[in-house]
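Subject: Structure for you to look at

Hello,

I am handing over the structure we spoke about, with my notes below it. Please open it first and keep it beside the text as you read.

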Amino acid sequence: MDDQEQLRKRIAELEAENAELRRRLEQLEHELQKIHQRKKHTDKGRNDPKGTRTDRRRKEHRKHPGCFRPEPPPNTKFIEHDVHPQQCSHCGAKDLESTGQFEDHFVADIPEPKLEWHRYRRHVYRCRCCQQTCQGRGDLELPGSHIGPRARLLTCYSRAHLGISLGKTQNLLHDFFGLTASRAGLLGHLHWGGQLFAPVVEELLELLRQSPVVQGDETGWRINGKTAWAWCFRDPRLALFLIDRHRSRDVIVRVLGESFAGTLVSDFYAAYNGLDCAKQRCLVHLLRELAKLREELPWQSVRAFIQPLIDLFRDAIQLGKDREKLGHAGFHEAYKHIIDRFDDLMLNTQTRHPDCLRIWKRLYKHCDELFTFLDDPQVPADNNGSERDIRSLAAARSDGGTHRTDWSAAAFARIKSVIVTGMKNGVRFIEYGTEVVRAKLRGERLPLPLAAAPDTS
């Protein structure tokens, strides 16, 4: 009887131990599965043979060196801080003795924002010739203004580039610098900035009209609650913005002129058809639309027309990237093959689906504007540069709102043009803006926010 009781107890203990082991085994299997998933994600392609893994990053971003903050330049004046421990960081004891060693930790920071008051004491002089009195003008002294140019430029930058509203700009000036200004006063700063940079934008516009390749794009806008359009025209070193109530050919002609000699890169919007110049239609826009149709149309139409078009334009874009690798003869042979494929597709396609016919008519109409980038290496196959430049307007539209009047929209566009052009050329807006103010006060020609031309001597 005692033996049976002991056996029962032993069986119960073993069952409990077995249940505990099963529970721990399930936990370990779950942890092991998570480890395998992480390892699969982080080590993807690591064990592939050398040269078989495809690097999907763009060429300019491949194998770039790490980005580190540079060491302080020579002759930097440091604000010194001697840091001595008060207690041991390991055991907490306060009985410490100096070893004579130290370690430098460099920190870059901005000075404490504070308001500066400038008093321009304008001494009165009398002219010995005409007996009239006269006064001078101080550096960066704006006549009739009680807020200096740097604060005004910060308002312009906050509204036009950062896209924050005048109310938030008002809070920024007050909370960081202790500068009190009304929203109406800040609106006056935008008006001042628009007038200040108007001659600069006109000169940039003349330079843009001489550019061999210009990209154009537009997005929706509002002026006093009514529909308007924000336009962007750019090349690698310029970006010009324009806000207009119209989305017609007249806007494009006003910017580029009636006889633009370069190539215009744009999407398939009809307003661009009215400018008589060489054109390149954005193939990325076209591929997006074709990819969407591939998911919606019957498989017969996709196989007969949509997918061959996608493959054709992808091969054409890749051919443009491989131009130098293929050499002159190889490139022209591949180019001829692309054109033959396109002609064959346009002449022999039998599909009658309405969407396919719509795409066919568009390609037939713009057949001479699809492969310009293969004829001219300077011309891109897409309009992505203009889309990137105009994308920042979405922040201003969403957060800062749009405009109540035409003059504020024009001032916003001019300031935005100067800021983005300066960014393309590595020109800091605050430094450039103060130089423009100085030049205007002296009656000199206003500088342009462009990088200095390289010295070829």
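Strand S4 (residues 226–235) and S5 run antiparallel and are joined by seven bridges. Within this pairing, tryptophan 231 has leucine 242 of S5 as its bridge partner. Please keep in mind that this is a predicted model.

The two strands belong to an open sheet of five, ordered S5-S4-S3-S6-S7, with mixed pairing. Strand S5 (238–244) and strand S7 (278–281) are its edges, each pairing on one side only. From one strand to the next the twist averages 25°.

On its other pairings, S3 shows both directions. S3 and S4 run antiparallel and are joined by nine bridges; here the partner of aspartate 217 is cysteine 232 in S4. The hairpin of S3 and S4 has two residues between the strands, and asparagine 224 takes a positive phi near 55° there. With strand S6 (residues 263–266), S3 runs parallel, through three bridges, and valine 213 has threonine 263 of S6 as its bridge partner.

How many of the eleven residues of S3 are buried? Nine are, so the strand is largely enclosed by the rest of the structure. Helix H12 (residues 393–400) lies across strand S3 (213–223), S4 and S5, and runs at about 5° to S3.

Next, the salt bridges. The whole structure has 23 of them. Side chains of opposite charge can pair when their charged atoms come close.

Arginine 234 pairs with aspartate 389, with the closest N and O atoms 3.0 Å apart. The arginine is in strand S4 and the aspartate in helix H11 (residues 384–391), so the pair ties together parts 155 residues apart in sequence. Are these two residues buried or exposed? Arginine 234 counts as buried at 11% relative accessibility, and aspartate 389 is buried with a relative accessible area of 11%.

Glutamate 203 and arginine 445 meet in a salt bridge at 2.4 Å, N to O. Glutamate 203 lies in helix H4 (residues 183–209) and arginine 445 in the segment after helix H14 (429–442), so this pair ties together parts that are 242 residues apart in sequence. Glutamate 203 is partly exposed, at 26% relative accessible area, while arginine 445 counts as exposed at 60%.

Glutamate 141 forms a salt bridge with arginine 122, and their closest N and O atoms are 3.5 Å apart. The glutamate is in the loop between strand S2 (133–134) and helix H2 (149–162) and the arginine in the loop between H1 and S1, so parts 19 residues apart in sequence are tied together. Glutamate 141 is buried, with a relative accessible area of 9%, whereas arginine 122 is partly exposed, at 45%.

Last, the surface. Leu115, Trp117, Phe176 and Phe177 make a nonpolar patch of about 480 Å². Leucine 115 is found in the loop between helix H1 (2–42) and strand S1 (125–126). Its relative accessible area is 32%, so leucine 115 is partly exposed.

Regards

Definitions and conventions. Residues numbered from 1 in each chain as written. Predicted model: local features only at pLDDT ≥ 70, side-chain atom pairs only at ≥ 80, totals over all residues. Heavy atoms only, no water. Pairing = 2+ DSSP bridges. Helix = DSSP H or I, 4+ residues; strand = E, 2+ residues; numbered from the N terminus. Axes fitted to C-alpha atoms, helices over the stretch in contact; angles between N-to-C directions. Contact = heavy atoms within 4.5 Å. Patch = residues over 30% accessible without salt bridge, like charges linked within 9 Å, V, L, I, M, F, W, Y side chains within 5 Å. Areas by Shrake-Rupley, 256 points an atom, 1.4 Å probe, with all protein chains shown as cover. Salt bridge = Lys/Arg side-chain N within 4 Å of Asp/Glu carboxyl O. Buried < 20%, exposed > 50% of the residue type's maximum accessible area, 1.4 Å probe, protein only.
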